[in-house]
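This briefing goes through one protein structure by topic. Keep the sequence and the 3D view at hand while reading.

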Amino acid sequence: WLSMILVLKKAIAKTGRNCKIYMDLGGPKIRIKSIASRKKSESMQLPVWEGRELVLSYADDVDKEVKKRRRGNVDTLYVEPKELLAMVKVGEHIFFDDGKFEAKVLRTQADQVAVKIVRISTKKPFLKPQKGINLPDSDLAILPLTDEDKANIPFICQHADLVGYSFVNHPADVDLLRQQITKYSIHKRPTIILKIERLSAVQNLPALLMNGMKDEALGVMIARGDLAVEIGFERLSEIQEEILWICEAAHVPVIWATQVLETLNKTGYATRSEITDAAMGVRAECVMLNKGKYIVKTIKTLGDIYTRQV
């Protein structure tokens, strides 16, 4: 991180053009930690199909003997964090791998949850370790600041201008990060960017803004990847419009994020739909691009789109 910061500062000095440094707090990693398959060869790539039942359990709380016994009976996905499955209820939906796989909760027990795959939206129907999990129906009482986040905050306060706050849900979450920033900020305070990526964050957005505006500066990121899975892809267009309206009314700048010109960035050729999607980002104050082989071309294309929009 420090090496990248030094390179950026050299570029700022050489060009005379300022550039802010944004750092992201990862938040709790809700994901498949490992897979215990009946066939050992499938533990890194588990084939699934609609109607298939799987068991979710905790990786840390299950000893090797229990794992071995379960492997002979049923395929098990070990998930993290460990508190997660105590918060789901029968009938709720769970999504895996950015929404490619949808499952429904059938049964819950003390240390495991049985689910059934009800939809697959990929030509490669395999579940893999380290893939993310979304639980839009569940009331997740998980603190958005992890121990790793807290360990990173001193460095962020020293070097960053903005800090992205993942998994923020309630106004009290803003207070939590603000306390940490106050503890380690000496010469400057990084501006908090509220990442709106859960249904609860959308529902609580006015209260989140009111709390965040206690600070001198505040920003909002529409994290459309996770948000689309959480609220349903068919509602994304509507909800991102509402977030823009509310933030405009509050005079809070917005970052338009997730997969902007993604195909162009990876292949060098853009699709019509993503050009239209990128053009909508002109209503935000900032647009986020991911790293890619054709990133310079992507930046030039995005600049060209927005020059024509304004």
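A salt bridge is a side-chain nitrogen of Lys or Arg within 4 Å of a carboxyl oxygen of Asp or Glu. In this structure, which is a predicted model, R38, R52 and D75 are linked in a network of such salt bridges. A search of the whole structure finds 17 salt bridges and 1 aromatic pair.

**Salt bridges between distant parts of the chain**

- E80 forms a salt bridge with R31, and their closest N and O atoms are 2.5 Å apart.
- This pair links distant parts of the chain, since E80 sits in strand β5 (residues 76–80) and R31 in strand β2 (residues 31–36), 49 residues apart.
- E80 has a relative accessible area of 17% and is buried, whereas R31, with 22%, is partly exposed.
- The values of these two residues fall on either side of a cut-off, because buried means under 20% relative accessible area.
- Another salt bridge joins the side chains of R224 and D277, at 2.7 Å from N to O.
- R224 belongs to helix α7 (residues 224–231) and D277 to helix α10 (residues 272–280), so this pair ties together parts that are 53 residues apart in sequence.
- R224 counts as buried, at 6% relative accessibility.

- The side chains of D175 and R178 meet in a salt bridge, with 2.9 Å from N to O.
- Both D175 and R178 lie in helix α4 (residues 171–184), 3 residues apart, which is about one turn of the helix.
- An α-helix has 3.6 residues a turn, so residues three or four places apart point the same way.
- D175 is partly exposed, with a relative accessible area of 28%, while R178 is buried, with 12%.

**The aromatic pair**

- Which two residues form the aromatic pair? They are W1 and F155, with 5.7 Å from centre to centre and 50 degrees between the planes.
- The pair is tilted, because planes under 30 degrees apart count as stacked, over 60 as edge-to-face and the rest as tilted.
- W1 is in the segment before α1 and F155 in helix α3 (residues 147–159), so the pair links distant parts of the chain, 154 residues apart.
- F155 is partly exposed, with a relative accessible area of 24%.

**The parallel sheet**

- An open sheet is formed by 6 strands in the order β1-β11-β12-β13-β14-β15, and the pairing is parallel.
- β1 (22–25) and β15 (286–287) stand at the edges with a single partner strand each, so one side of each is left without a neighbour in the sheet.
- Inside this order, strand β11 (residues 162–165) pairs with strand β12 (residues 191–196) in the parallel sense over 4 bridges.
- G164 stands opposite I193 in β12.
- Helix α3 lies across β1 and β11, and runs at about 170 degrees to β1.

- How many residues does helix α8 have, and how far apart are its end C-alpha atoms? The helix has 14 residues (236–249), and its end C-alpha atoms are 20 Å apart.
- Buried residues in α8 include L236, I239, Q240 and E241, along with I243, L244 and C247.

Notes: Residues numbered from 1 in each chain as written. Predicted model: local features only at pLDDT ≥ 70, side-chain atom pairs only at ≥ 80, totals over all residues. Heavy atoms only, no water. Phe/Tyr/Trp six-rings, centres within 6.5 Å; stacked < 30°, edge-to-face > 60°. Helix = DSSP H or I, 4+ residues; strand = E, 2+ residues; numbered from the N terminus. Buried < 20%, exposed > 50% of the residue type's maximum accessible area, 1.4 Å probe, protein only. Expected span 1.5 Å × (residues − 1). Pairing = 2+ DSSP bridges. Contact = heavy atoms within 4.5 Å. Axes fitted to C-alpha atoms, helices over the stretch in contact; angles between N-to-C directions.
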